[in-house]
Amino acid sequence: MEARDAAAGALVGSDGEEQAAKKDAAPKEDKPQTKGKMEQLFGFKREDLTSWPNLVALLNRPTDPASLGIFRCLFGLLMVIDITQERGLSHLDYKYLDGAPVCRFPLFNFLQPLPLDWMYLVYVVMFLGALGIMLGFFYRLSCLMFISTYWYIFFLDKTTWNNHSYLYGLIGFQLMLMDGNRYWSVDGLRRPSIRNTQVPLWNYTLLRTQIFIVYFIAGIKKLDADWVEGYSMSYLAHHWLFDPFKVILPVELVSLLVVHGGGLFLDLSAGYLLFFDATRPYAIFFVSYFHCMNSQLFSIGMFPYAMLATSPLFCYPDWPRRFFSHFPACLRVVLPLSSPDPQPSSSCVYHEIQSPGAERQETPPVAKPSKLRLKHKLAAIFTIIYIIEQLFLPYSHFITRGYNNWTNGLYGYSWDMMVHSRSHQHVKITYRDGKTGDVGYLNPGVFTQSRRWKDHGDMLKQYATCLSHFLPRYNISDPEIYFDIWVSINERFQQRIFDPRVDVVTADWSPFQPNPWLMPLLVDLSPWRSKFQEIEGSLDNQTEIVFIADFPGLHLENFVSEDLGNTSIHVLQGNVNVEIVEEKKNISVQPGEQIKVPAGAYHKVYTVSEVPSCYMYIYVNTTEAALQKNFTKLFEIQERIRNGTETEPLPPELQPLAAADDHEGSEVNATDPIVRLFLKRQRRLKEVKKRREAGALERLQRFAVKKYYTIRRGFLMTVIAMRNLAVGLPPLEQLTREVAFANMKEPEGETNQDERLKDEIGHGEL
């Protein structure tokens, strides 16, 4: 069967050409057999699924290695880049600095990072493995080097888990078992016997099924009510990428129909559309557009480009030969092979044509598979088990119930991409000395390098255990640790996710039992979200609002900053008592009533009803409002100076406004703090405008310079670590100079100005 005549996008049989069979089989028939409709559509016959030998023969059918070889090369290249970026080689010393008091979150508590210099060696092995995959050089060894170190790094830190990092590890594992070095590889040059040899069909089956699962289950997860109703990613509609849609649709409909509706439809249909010849060109166009948008919308590293690299896997496997055959002959020395006929391989099963006996010459020849070897059967078994396992894992959370929170399981292997968005309003960590009873508070995130622990009970348990080991160094004996974490998921009320009355150090937690100190998500209050939008729409730009829901018997202790004047609590549902701590007042507030709370003081809100209470804080940042008013006046004065209409002499504190234009790009010495802040803000706004209006070449240059210094630092720090392992540590002064040289940034300019502007804390416009 020729591949071009079958539906090459089919998961298991669309590309099973038997070009090598020409060498081993009987001469061609004068009249080729007519293919049935199923074979034309899917690339295999019904009979291929009716018995185990036929299925084994189908999965091991000889297939062109060209498309697999190109994907191997692209995947290796992307992983080489990813190691310096998302895997963290460029800032490895910050994450694994020897002796630093850091709480870590491995999947298994016995997993610990190696000393820093040895961690650099781990990354070197992973980098060389990815490079070997790209080149097809000592291919199996390179795959083993890559996946062993990759999964070690992956399991070492749950806070970095996401779906695409998990996918990279799966693809690396698959490639190790495949014959990915049969086309355009250094191994093919070293060993002519494997060069341009056919690969069994299961190589393509695994990869195609994996990508189909990524798309389709991501779509199934998006059938969640929050996604369908447009609450999961509503903020995306304000991104400039959706401006063309906003010409004909309001922002609300762009969010509902384009962001959420379009994402749902694409994920559900992409795998099927890539499957068939007729729809594949349209599918490749839309998924390419989708992934290019994702590369601009999210900081997700190489994931959009990795998914772009998977799309050609659904095409005919000989597409690289046809594509590169159009290049000039002088370039074909370095380009992949364009010759049409791959060599036969022992990894494949070929059909033998058996002629009927002399008495039954009218019966056509019958094609039967050659003898099935053990490795063919094992390959088929592995393919089937792997696909079943990948279909089961996203729904296996009934087993690992301890990892379930408001969403099921650890984020990473469920393909629930972008289905849930969270915001944290309030995080309080309280400790109590087990011997003296003294109570104190910890800065949220102390001794950690991540914020992911806030949403996961297993990480919170690890964090509390780690804190209980560190706090005795500060004369806190037998510490009890309590967490009060308020989270809003998909624009719901801010509410507690864990019971603040539970000492997490001694609390029970098991990966196979539900978390007993997890508070339930108040899904019954979800309809309030439509009311939130009405309330927020009725407020002016300077008024802020926070929606709170709390459980009966609990209370919220809150401090109102002096900057937040005119702060009031409005009760929406349930009954609350508000205690003004300093004034020692207790005031009962009913639904529909409100109470003003003093600034610069603590208050407590007790839920006294039998049902959860719902209330909202409404406040104005008076300091920010006054600052904006002053900025407006200063801007008007500066405009009058520029157009020559300012007739009154400027007082000394305002004279820097006139000098600002003469010292563009440099800081003007201003004595008045408001004027100084205003001038910094103006420089920042000019810089933002300049960046937005920059041409493509300037943007590319800025991007390249940034990546250069990132990769440069990773390379130099790796060289230092390898030298330390080889010959030992140098004197401290020398090591300091070497690290300073590795930390060298780009020349003083835009980036450093941005960093200086961040010093003005608390003002959103900066």
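Predicted model: local features only at pLDDT ≥ 70, side-chain atom pairs only at ≥ 80, totals over all residues.
**Exercise 1. Work out what the model shows at the annotated transmembrane spans.**

Start with the record: UniProt, in an unreviewed entry, puts the feature "transmembrane region" at residues 120–153 and 165–181. Such annotations may be inferred rather than shown by experiment.

Next, take residues 120–153. This span is 91% helix and 0% strand, and its end C-alpha atoms sit 11 Å apart.

Then do residues 165–181. Here you get 76% helix and 0% strand, with the end C-alpha atoms 23 Å apart.

Finally, have a look at Asn 162, found in the loop between helix H7 (139–156) and helix H8 (163–177). Its relative accessibility is 14%, so Asn 162 counts as buried, the cut-off being under 20%. The Asn 162 side chain makes a polar contact of 2.7 Å with the side chain of Ser 165.

**Exercise 2. Find the disulfide, and describe where its two cysteines sit.**

Step one is the search: across the whole structure, one disulfide turns up. The partners are Cys 103 and Cys 466, with sulfur atoms 2.1 Å apart.

Cys 103 is in the loop between helix H5 (92–95) and helix H6 (116–135), while Cys 466 belongs to helix H18 (residues 457–470).

Step four, check accessibility. Cys 103 is buried at 4% relative accessible area, and Cys 466 is buried too, at 13%. For two further cysteines, Cys 73 is buried at 16%, whereas Cys 292 is partly exposed at 43%.

**Exercise 3. Which residues of helix H19 are buried, and what do they pack against?**

First, pick out the buried residues of H19 (residues 528–537): Arg 529, Phe 532 and Ile 535. Looking down the axis of H19, you'll find these buried residues within an arc of 110°, so they line one face of the helix.

Now turn to the other side of H19, where Glu 534 and Gly 537 are exposed.

Last, list the packing partners. The buried residues of H19 pack against helix H11 (225–228), strand S9 (543–550) and strand S16 (613–621).

**Exercise 4. Sketch the whole chain, then decide where to read it with care.**

Count the elements first: the chain has 25 helices and 16 strands. Of its 766 residues, 48% count as buried.

Contacts come next. Among those in the chain with a separation of 6 or more, 72% are between residues 24 or more positions apart.

Now for confidence. The chain's mean pLDDT is 87, with 89% of its residues at 70 or more. Over residues 1–31, though, pLDDT is below 50, and this stretch has 105 contacts in the model beyond near neighbours in sequence. Residues 748–766 also have pLDDT below 50, with 31 such contacts.

What to do with that?

Conventions. Residues numbered from 1 in each chain as written. Heavy atoms only, no water. Buried < 20%, exposed > 50% of the residue type's maximum accessible area, 1.4 Å probe, protein only. Helix = DSSP H or I, 4+ residues; strand = E, 2+ residues; numbered from the N terminus. Arc of directions from axis to C-beta. Contact = heavy atoms within 4.5 Å. Disulfide = S-S within 2.5 Å. Polar contact = N/O pair within 3.5 Å; in protein donor to acceptor, adjacent residues only side chain to side chain. pLDDT = per-residue confidence, 0-100.
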